Structure formats: structure tokens, C-alpha cells
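Subject: Structure for you to look at

Hello,

Here is the structure I said I would pass on. Please open it first and then read the notes below with it in view.

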Amino acid sequence: MYYFISGMLYFRLSGIEIAQVKRLSLFKKHHVDAKITTLEYNEYMHVNLPIYDLHDEDVVNLYDYFQQAEIVKDNPTTLNDIGINKQFEKQKGHQDTVTYTKNGKKRIEYKLFPTEEFGHHFPKDQIHKVTYFDYLGHHIRQEIYDVRGFLSLVQTFGQDGGVNQESFYTPGGKLAIVCDYAEDDNQKNVISLVRARFGKSWHTFSNLLELRGFFLDCLNLETHQQTTFMSDKSNLADDAIYKMQTKAIKIVVRHSTHTYDPTKPLTSRLNDVILKQYQHRKELSAEIVSTKQQAIDMKIRFNQELPVYTIPVGYVSNSLVASREANTVTRKSHTMLAIARVNGEKRIEHMVEVVKLVRQTVKDAKLEIYGYVPDIKYFESLQQQIKKEKLENAISFHDFQPDLNMIYNQSAILLLTSAFESFNLAMLEGISHGVVPIAYDINYGPSSFIDNDENGFLIKNGDIHEMAKRVTELMTNEKLLKKMSKQSYKKAKSFSENNVWKLWQSLLIDNVNLKIK
């Protein structure tokens with residue numbers, strides 16, 4: 001049994017979770033038992049699964065596990081199911097909000113699920129949250145309902161607004177997990193005690209980290225076959241694996257660079273996550289990275305004490321490999337594409353400068369950016385830069401899209417200006433649709449997908465003028481663009497699902513040298 005460990009499956013997935021979903025699909029296709037394992041709480045999780053062709057059986061969540069809510073039939077709780085004391089007066093609230101007052105003061109607020117969200121349709125007046133206020137106006141209690149309809153979490157608050165206690169319930173109303181909060185020495189409100197019911201017993205922990213380790217131990221003990229735990233979200237899952245008391249094959253999957261200065265992989269200081277991996281190297285069975293060069297660098301940094309294997313986190317499906325090439329006539333040859341979350345490490349400000357330079361020759365050149373915005377301040381600085389350069393009609397931002405196939409098929413040029421990567425799924429997806437990539441030659445990823453001057457261009461890190469020159473060259477030479485597009489299709493075939501599966505099979509599934517730790 002293989003468990004791919006992460007934080008949560010939100011509507012907007014990061015590259016890490018997208019890689020997990022693709023890996024799970026590959027394992028299921030080859031009849032290898034596996035599940036995505038999530039450690040965080042989110043009442044929306046189960047409506048997000050169908051978006052990525054996942055079922056309840058494909059995922060095991062820590063809270064679902066202890067709340068006995070892994071598979072629950074939808075039974076929505078609506079306003080009609082709640083009895084309101086007649087002493088309260090109903091007030092007209094904001095959209096999806098119903099408020100009740102007493103003596104002119106708000107005492108209860110119902111937050112409803114919208115009738116449609118994330119592509120899911122909710123019943124009319126289905127309750128999401130209920131907040132209670134005392135007569136002084138303090139919110140003292142909040143009840144949170146799972147999307148499937150049951151009361152899942154109750155939070156109580158102190159007068160300062162901080163959480164006092166969180167209580168998680170089973171669909172049948174039994175208490176499952178209790179988290180108590182207190183101020184630490186820095187006057188920060190933190191979890192000070194965790195209790196969880198497992199079987200007929202209550203277990204006590206000092207923090208969520210210990211609970212997460214116990215959760216993985218429970219999964220390990222109930223699986224009647226060899227178990228492999230794979231940490232994908234290092235800042236969450238690594239520590240949970242380190243807290244395990246039972247033995248299993250324990251692997252970390254690295255989705256980023258390993259040093260603070262990615263341009264100096266052999267000499268720069270290891271980042272905190274990798275430093276902790278090094279300190280716990282004797283508790284790990286192996287590490288997986290996506291590129292051969294990072295594997296070489298990691299083996300050197302770990303003094304060959306931890307096996308490091310190269311397996312790409314993404315692949316090109318057999319159906320896509322066999323599909324017909326998209327007609328180049330339908331591509332927007334004067335439009336650049338970028339698939340990236342909008343934050344500083346992606347250096348989108350470089351792309352803005354590229355557009356400015358390209359438009360000196362190609363007057364109608366445009367840039368379309370797809371991705372969610374985790375850094376509002378950075379996004380606002382980009383908007384100011386775009387306005388300053390008078391590029392408002394040339395650069396557009398679009399929200400995260402779960403399915404980008406049509407967008408790739410309509411695109412001609414893909415830009416990447418990141419400071420660092422470890423693989424970059426978007427670039428693999430792009431070349432598999434015949435998009436021509438132009439990227440900074442950084443650690444790691446771009447050189448895995450680009451044969452320079454064949455199917456794209458590798459640009460010296462930070463050389464905006466050279467990148468603009470290459471974009472202009474492609475936009476003004478249709479024959480070259482078409483030739484490189486065909487080479488992109490060919491390059492993508494080396495990442496076919498058959499080729500990648502052979503690596504999983506030889507380096508992980510059939511590898512007798514992996515040690516149980």
C-alpha cells in the first residue's frame with residue numbers, strides 16, 4: 001500500500017497535489033494500491049475530489065479517519081432543520097447570510113453554502129457555519145458543517161477573539177478530536193493539548209504533529225501488506241513521518257530545490273526542510289527527485305548516505321501521446337502563455353519587461369497568465385508595473401484552471417522566468433501539446449524539457465533581452481515556430497506514462513534494496 005502524503009486537496013491545487021493526482025491515476029491503472037493522504041482540515045474537501053476525477057475511496061484524511069467520516073452519504077442540514085427561538089428576530093443579511101437579533105443585538109448568524117461554488121451545486125439554504133454572539137457582542141461559538149451535511153467542528157472563543165477549544169464530531173454526533181488552546185511564552189495562541197478517540201480509547205498528544213504521526217502509525221498497522229509512506233508536502237508531511245513509531249518504507253519526494261541559493265546547489269546552505277531531512281536521513285528509506293542533475297547534487301550533499309532516485313513527478317498520458325497534433329493555424333502565434341502562481345519566485349515582472357520589448361517589433365504581442373494569487377502585494381506591484389508600461393491591453397491574468405488542455409492547444413509560446421524550479425509540470429504539459437517553451441536555464445527542470453534551438457530556447461538566467469529576442473524570432477518566423485512545435489511533441493514522448501511507470505516499477509515497487517525504517 002502506498003500513501004502519498006500532503007496537506008489538503010483544495011479547489012485550486014498546487015503543482016505538488018496535481019503531481020499526486022497524476023501519480024495516483026498511474027498507480028491505479030497498474031492495479032497498485034495507493035491513496036492520497038491529507039493531514040489538514042477542510043470542510044470542502046469532498047466536493048473538490050470529482051473535479052480531479054477522484055473518489056472518496058482514493059483519499060484518506062486525518063480528520064475524516066478519526067471522525068469516522070471517510071465515506072458519508074450526503075444529508076444536507078438546511079435552515080428548515082434548525083429550530084429558532086421565537087424571542088429572536090430575523091434580519092435581512094448579506095447574500096448567503098441569515099442573522100437573528102435580540103433586543104437589537106446580533107446573537108446568531110447563519111452562513112449558507114452558495115447555491116453553486118467550485119462547480120458544485122448545493123441545496124437551497126444548506127448551512128455552512130453558525131456563529132453565536134453573547135449580549136456584549138463577542139463571538140463565543142462557531143459551528144462548522146461538512147459539505148456532506150453533518151456538524152463537523154465546533155469552536156469556542158475567549159473575549160479576546162482567540163480560539164479556546166476545537167471539537168470535531170462524527171456524523172453521528174460523537175466527539176472524536178478535541179484541541180485545547182493556550183498562550184505560549186510569546187503570547188501566541190497555540191494548541192496545547194490534543195485528544196483523539198481511536199477505537200474505544202482516548203489518546204493524548206501535545207500537538208498536532210504528534211497526532212499526525214499517530215495517524216500514519218494507525219494506517220500502517222491496519223494495512224496487511226508492505227506499506228510505503230511518501231511525503232510530498234515536506235513542510236507538513238516530513239515531520240509526521242519522523243514522529244512515526246512503527247516501521248515502514250519512508251520516502252521523501254522533493255518538489256523544490258534544496259539550497260537557499262539555487263544557483264549554488266553544492267555549496268549554498270541547505271534550506272531548513274532539507275537540513276532536517278539530512279538530520280533524519282537514517283530514518284528514511286530514500287528520496288525521490290524529478291531530474292538527474294538534482295539527484296547527483298543531492299547525493300553529494302547527503303554524502304551518499306541516503307539513496308536518491310530520479311522519477312519525474314509528471315508524465316504524458318498514452319492517449320495524449322497518440323493524439324493528433326493540434327493545428328498550428330488555430331494557435332495564437334502572437335500570444336505568450338505563462339502557467340504560474342503569482343508570487344515573487346516566479347519573477348513575472350521579467351515577463352512584463354519581455355512583453356514591452358517584444359511589442360517594439362510585434363505590435364500586437366500579448367501575454368496570458370494562468371494561476372492563483374497567493375501574494376496580493378506582489379500582484380498589486382505587477383499591476384502597477386503593467387500600468388506604468390501602458391500594457392493593460394497586452395497582459396491579462398486568469399484564475400487557476402483545473403483543465404488547461406484547450407488553452408495549451410491554442411497557445412504557441414510558453415514562458416518561464418522562475419528563480420528556481422524542481423521540474424515544472426506546466427512545461428511538460430505545454431510541450432506535450434506542441435507549445436514551444438522559452439525558459440531561463442535554472443536549477444532544475446527547464447533543461448529536461450528543452451533541447452536548445454530544437455524545440456525551444458534556454459536563456460541565461462535573468463537575460464530579459466535575450467528572451468525577448470527569441471520570442472520575437474518565433475513570432476515573426478512561422479516556419480520556425482511550426483518546426484519547433486513538432487519537436488516539442490517529440491520531446492514530450494520521452495515522458496510518456498509507459499516510460500515513467502517503468503521508473504516507478506524498477507526504482508520503487510520492485511526495488512528490494514529499499515530498507516524498512
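Rings of Phe, Tyr and Trp are counted as a pair if their centres lie within 6.5 Å. With that cut-off, Tyr-65, Phe-66, Phe-198, Phe-205, Phe-214 and Phe-215 form one aromatic cluster. Please keep in mind that this is a predicted model.

**The whole chain**

The protein has 16 helices and 25 strands. Its radius of gyration is 25 Å, close to the 24 Å that the globule rule gives for 517 residues, so the protein is as compact as a globular protein of that length. The C-alpha trace spans about 75 × 60 × 45 Å along its principal axes. Of the 517 residues, 53% are buried. The protein exposes about 24400 Å², and 47% of this comes from carbon and sulfur atoms. If you take the contacts between residues at least 6 apart in sequence, 59% of them join residues at least 24 apart.

**Nonpolar cores**

Which residues of the largest nonpolar core touch the most other members? They are Met-336, Ile-413, Leu-415, Val-471 and Trp-504, in a core of 95 residues. Helix 9, which covers residues 348–358, gives the most to this core, with 7 residues. Apart from this core lies another one, of 44 residues, including Ile-191, Ala-237, Ile-241 and Tyr-242.

Setting aside neighbours within four places in sequence, Val-471 is in contact with Met-336, Val-354, Val-358, Ile-413, Leu-415 and Ile-438.

**Aromatic pairs**

A pair of aromatic rings is described by the distance of the centres and the angle of the planes. The structure holds 25 aromatic pairs. One of them is formed by Tyr-3 and Phe-229: the ring centres are 5.2 Å apart and the planes are at 15 degrees, so this pair is stacked. The cut-off behind that word is an angle under 30 degrees. Tyr-3 lies in strand 1 (residues 2–6) and Phe-229 in strand 16, so the pair ties together parts that are 226 residues apart in sequence.

Are these two residues buried or exposed? Tyr-3 has a relative accessible area of 4%, so Tyr-3 is buried. Phe-229 is buried too, at 0%. The cut-off for buried is under 20%.

Phe-113 and Phe-122 form another stacked pair, with 4.6 Å from centre to centre and 5 degrees between the planes. Phe-113 is buried at a relative accessible area of 2%, and Phe-122 is buried at 6%.

**Two residues in loops**

Thr-227 sits in the loop between helix 4 (208–222) and strand 16 (228–231). Its relative accessible area is 1%, so Thr-227 is buried. The Thr-227 side chain makes a polar contact with the side chain of Asn-220, at 3.2 Å. Not counting residues up to four places away in sequence, Thr-227 touches Met-1, Tyr-3, Asn-220, Ala-248 and Ile-249. Tyr-3 in that list is also the partner of Phe-229 in the stacked pair above.

Ser-14 is in the loop between strand 1 and helix 1 (15–29). With a relative accessibility of 14%, Ser-14 counts as buried. Its side chain makes a polar contact with the side chain of Glu-17, at 2.2 Å. Leaving out neighbours within four places in sequence, Ser-14 is in contact with Lys-233 and Tyr-372.

**Backbone details**

Where is the cis peptide bond that involves Tyr-444? The bond runs from Asn-443 to Tyr-444, with omega near -10 degrees. Tyr-444 is in the loop between strand 24 (436–440) and helix 13 (446–449).

Gln-68 is a residue other than glycine with a positive phi, near 55 degrees. Gln-68 is placed in the loop between helix 3 (62–66) and strand 4 (89–92), and counts as exposed at 59% relative accessibility. Asn-424 is not a glycine either, and has a positive phi of about 85 degrees. Asn-424 is found in the loop between strand 23 (411–416) and helix 12 (425–432). At 13% relative accessibility, Asn-424 counts as buried.

Regards

Notes. Residues are numbered from 1 along each chain as its sequence is written. This is a predicted model: local features need pLDDT of at least 70, side-chain atom pairs count only at pLDDT 80 or more; totals for chains, interfaces and linings use all residues. Side-chain values use heavy atoms; hydrogens and water are left out. Helices (H or I, at least four residues) and strands (E, at least two) are DSSP runs, numbered from the N terminus. Buried means under 20% relative accessible area, exposed over 50%, partly exposed in between (1.4 Å probe, protein chains only). A polar contact is a pair of N or O atoms within 3.5 Å; within protein, one must be able to donate a hydrogen and the other to accept it, and residues adjacent in sequence count only if both atoms are side-chain atoms. Contact means heavy atoms within 4.5 Å. A nonpolar core is a set of buried Ala, Val, Leu, Ile, Met, Phe, Trp, Tyr and Cys residues joined through side-chain atoms within 4.5 Å. The radius of gyration is taken over C-alpha atoms; the globule rule is 2.2 Å times the number of residues to the power 0.38. Accessible areas come from the Shrake-Rupley method with a 1.4 Å probe; for residues, only the protein chains shown count as cover. Rings of Phe, Tyr and Trp (its six-membered ring) pair if their centres lie within 6.5 Å; planes under 30 degrees apart count as stacked, over 60 as edge-to-face and the rest as tilted.
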